[in-house]
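Work through these exercises with the model open. Try each task before reading its solution.

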Amino acid sequence: MHSNGSSSSSSSSFTTTSPGTTSSFTNPFSALIDQSVATLPQFTFESGVTLKDVPVAYKTWGRLNARADNCLVICHALTGSADVEDWWGPLLGPNRAFDPTRFFIFCGNVIGSPYGTVSSVTANPANGKPYGPEMPGSSIKDDVRLHFTVLQQLGVKSIAAVVGGSMGGMTCLEWPLNTPPGFVRAIVPLATSARHSAWCISWGEAQRQSIYSDPDYLDGYYYDTPHGIDMHAQPSRGLAAARMAALLTYRSRDSFESRFGRKTGEGRKNKQAAGVRVMGGTETTNPLDPSEIDIRSPHWKQHNDGHRSWANSSRQGSRAPSPPSPHASKRNSVDAPNGSNIDIGIPSGIGAGVRQPKVFNAQSYLRYQGDKFTSRFDANCYIHITRKLDQHDLSHPSVFPGSVSHSLPTVTAEDDSELESALHHALSLEPPALIIGIESDGLFQPSEQRELAAHIPDAELVIIPSPDGHDGFLLEFEAINGWVDGWMRRKLPEFFGERVIPLEEYEAGEQDGFAVKKESVFGEAEADVTRW
Ligand SMILES: CC(=O)SCCNC(=O)CCNC(=O)[C@H](O)C(C)(C)COP(=O)(O)OP(=O)(O)OC[C@H]1O[C@@H](n2cnc3c(N)ncnc32)[C@H](O)[C@@H]1OP(=O)(O)O
């Protein structure tokens, strides 16, 4: 097993070398992150399935204390990675909520995520091909047990606190229930629930259906292209549509209204509004086949604005080319909202009186985010993790002996009162908790955090005012930092005496890799593809 101790750098790619391998490839998503990758000889899932040579990607900051009990576990959400700096950067640093001079901070990438831990984009050692759609389903309990194994290898004796938002909040709630009694001393679940709601399950289903309905999905075997395994081959249109729908659930109606209103992009200077056709230029973000466009009416063009035709398919080479256009040399041009010249492909003399489709800022935002997502995430992984979320339900105890909830009775019937009582039992086993909700969160509503607080014996509840809906847990840095830091100082005072790493040493060691390298990447100017 590989471990980097207090350093945060090491190999981030995984190439199959097992006997019997017919091909090898590198997980391109894992390579985006500077992290450690441990390989466990095998791991048995809650379902009973066992996988061999299981990679687990993780990052650490800070150093273990002499008692090895100052571990702070951070859990990422659906599309996040082990790189906490990338999505909760402002919370990380001396005298902040995640203080690497006091805590040994650990974040593990979850099973099914493309960012390094075993997933659809990992090579199956049996045949050297990506697991793809044959990647076995996993549970949040599995993630906890997998990361627990890594922590034990790193020498951690107990965890001071676990913190996480959204799916990370679910993981946070599962940590104390799936580890030995007393191993986790405190938890801070944010914007999360005790069990995935019907509303969330439904959104997940709608998003998966978007992916399934993309002809490039190919039942999940889309990496197998005529040119060999291509880990960038994707049902991109379906995945982008899924991301667009998801992003809407992460915000609120009010935040979209105040941010975009009915604006159409005049204020946007530097960014191509995704989905606007740029023909004859260097960038084509909505690549309807030009020859097809030219032979259609302007009404057709207006109707199909934003539609990604087969020309955007990674398998377009297998389709017959369209006939040459009779109007190819006679297109009109208009000024794009961002100031560039856009050829909209309308033949001159045709379509008088037909208004060009406006691209509202709200639309271009979604199209841009959809495109961006497909360059950094994998569709099979998205399916895997949304299915994992659907199974989240604390009223189901762990099947593994040694964990806290193992002794709870197994719930078999879908009887409401039986489930309620099982849930109450599970929550009564949780350690002291700071539960944080976002006032305008329509996905994981404050009522769900109230439910957690009502059943956890030593719980404090904070609902943060924010217009940003569920995304508030990634945007309200100042409030979250203040609440988490303050609560930990009260609940875990023994970690706030002498620092494990003296400040001077920490500052001097910034070049040595253990210090936080980035302040924040959440400004609009940032273009880090590993961002959420
Ligand atoms: C169960 C679970 O775990 S679900 C939780 C999953 N959560 C997520 O996946 C988080 C989703 N949210 C995000 O990714 C958000 O972008 C956040 C929270 C990370 C950051 O939010 P913000 O800082 O408000 O950034 P925002 O969403 O506005 O995105 C900014 C980008 O959109 C671009 N943009 C903004 N408006 C427009 C527009 N009208 N047209 C085109 N692009 C636009 C910006 O230029 C910027 O581009 P860049 O990232 O390349 O610099």
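**Exercise 1. In which helix is the place of Trp-483?** Then describe its surroundings.

Solution. This is a predicted model: local features need pLDDT of at least 70, side-chain atom pairs count only at pLDDT 80 or more, and totals for chains, interfaces and linings use all residues. Residues are numbered from 1 along each chain as its sequence is written, and side-chain values use heavy atoms, with hydrogens and water left out.

Step 1. Trp-483 sits in helix H14, residues 477-491. Helices (H or I, at least four residues) and strands (E, at least two) are DSSP runs, numbered from the N terminus.

Step 2. Check accessibility. Trp-483 is partly exposed, at a relative accessible area of 42%. Buried means under 20% relative accessible area, exposed over 50%, partly exposed in between (1.4 Å probe, protein chains only).

Step 3. List the contacts, leaving out residues up to four places away in sequence. Trp-483 touches Leu-434, Ile-436, Val-462 and Ile-464. Contact means heavy atoms within 4.5 Å.

Step 4. Compare sequence and space. Trp-483 and Val-188 are 295 residues apart in sequence, and their C-alpha atoms are 10.0 Å apart.

**Exercise 2. Describe the chain as a whole, then the annotated domain.**

Solution. Step 1. Count the elements. The protein chain has 15 helices and twelve strands.

Step 1. Take the burial total. Of the 532 residues in the protein chain, 57% are buried.

Step 2. Look at contact range. Consider contacts between residues at least 6 apart in sequence: 75% of them join residues at least 24 apart.

Step 3. Turn to the record. An unreviewed UniProt entry annotates residues 72-225 as "domain: AB hydrolase-1". UniProt positions are given in the numbering used here, feature names are shortened, and annotations may be inferred rather than shown by experiment.

Step 4. Characterise that span. Residues 72-225 are 29% helix and 14% strand, and their end C-alpha atoms lie 43 Å apart.

**Exercise 3. Which residues does the UniProt annotation "active site" cover?** Locate each one.

Solution. Step 1. The unreviewed UniProt entry gives Ser-166, Asp-441 and His-470. They span 305 residues in sequence, yet no two of their C-alpha atoms are more than 10.7 Å apart, so they gather at one spot.

Step 1. Ser-166 is buried, at 10% relative accessibility. Its phi is positive, about 60 degrees, although Ser-166 is not a glycine.

Step 2. Asp-441 is buried, with a relative accessible area of 2%. Beyond its neighbours within four places in sequence, Asp-441 contacts Ala-191, Pro-446, Gly-469 and His-470.

Step 3. Outside four places in sequence, its contacts include Ser-166, Ala-191 and Asp-441.

Step 4. Follow up Ala-191. The residue lies in the loop between strand S6 (187-190) and helix H4 (198-212). Ala-191 is buried, at 1% relative accessibility. Ala-191 has a positive phi of about 40 degrees and is not a glycine.

**Exercise 4. How many disulfides does a search of the whole structure find?**

Solution. Step 1. The search finds zero. A disulfide is a pair of cysteine sulfur atoms within 2.5 Å.

Step 1. The nearest cysteine sulfur, in Cys-75, is 6.9 Å away. Cys-107 is buried, with a relative accessible area of 0%.

Step 2. Cys-172 is buried, with a relative accessible area of 0%.

Step 3. Thr-171, in helix H3, touches Cys-75, Ile-140 and Val-144, not counting residues up to four places away in sequence. Thr-171 is buried, at 3% relative accessibility.

**Exercise 5. At roughly what angle do the axes of helix H6 and helix H9 cross?**

Solution. Step 1. The axes of H6 (residues 253-260) and H9 (residues 361-374) cross at roughly 110 degrees and come within 9 Å. Axes are lines fitted to C-alpha atoms, for helices over the stretch in contact, and angles run from 0 to 180 degrees between N-to-C directions.

Step 1. Classify the angle. H6 is therefore roughly perpendicular to H9. Angles under 35 degrees count as roughly parallel, over 145 as roughly antiparallel, 65 to 115 as roughly perpendicular and the rest as oblique.

Step 2. Name the contact residues. H6 supplies Phe-256, Arg-259 and Phe-260, and H9 supplies Asn-361, Ala-362, Tyr-365 and Leu-366.
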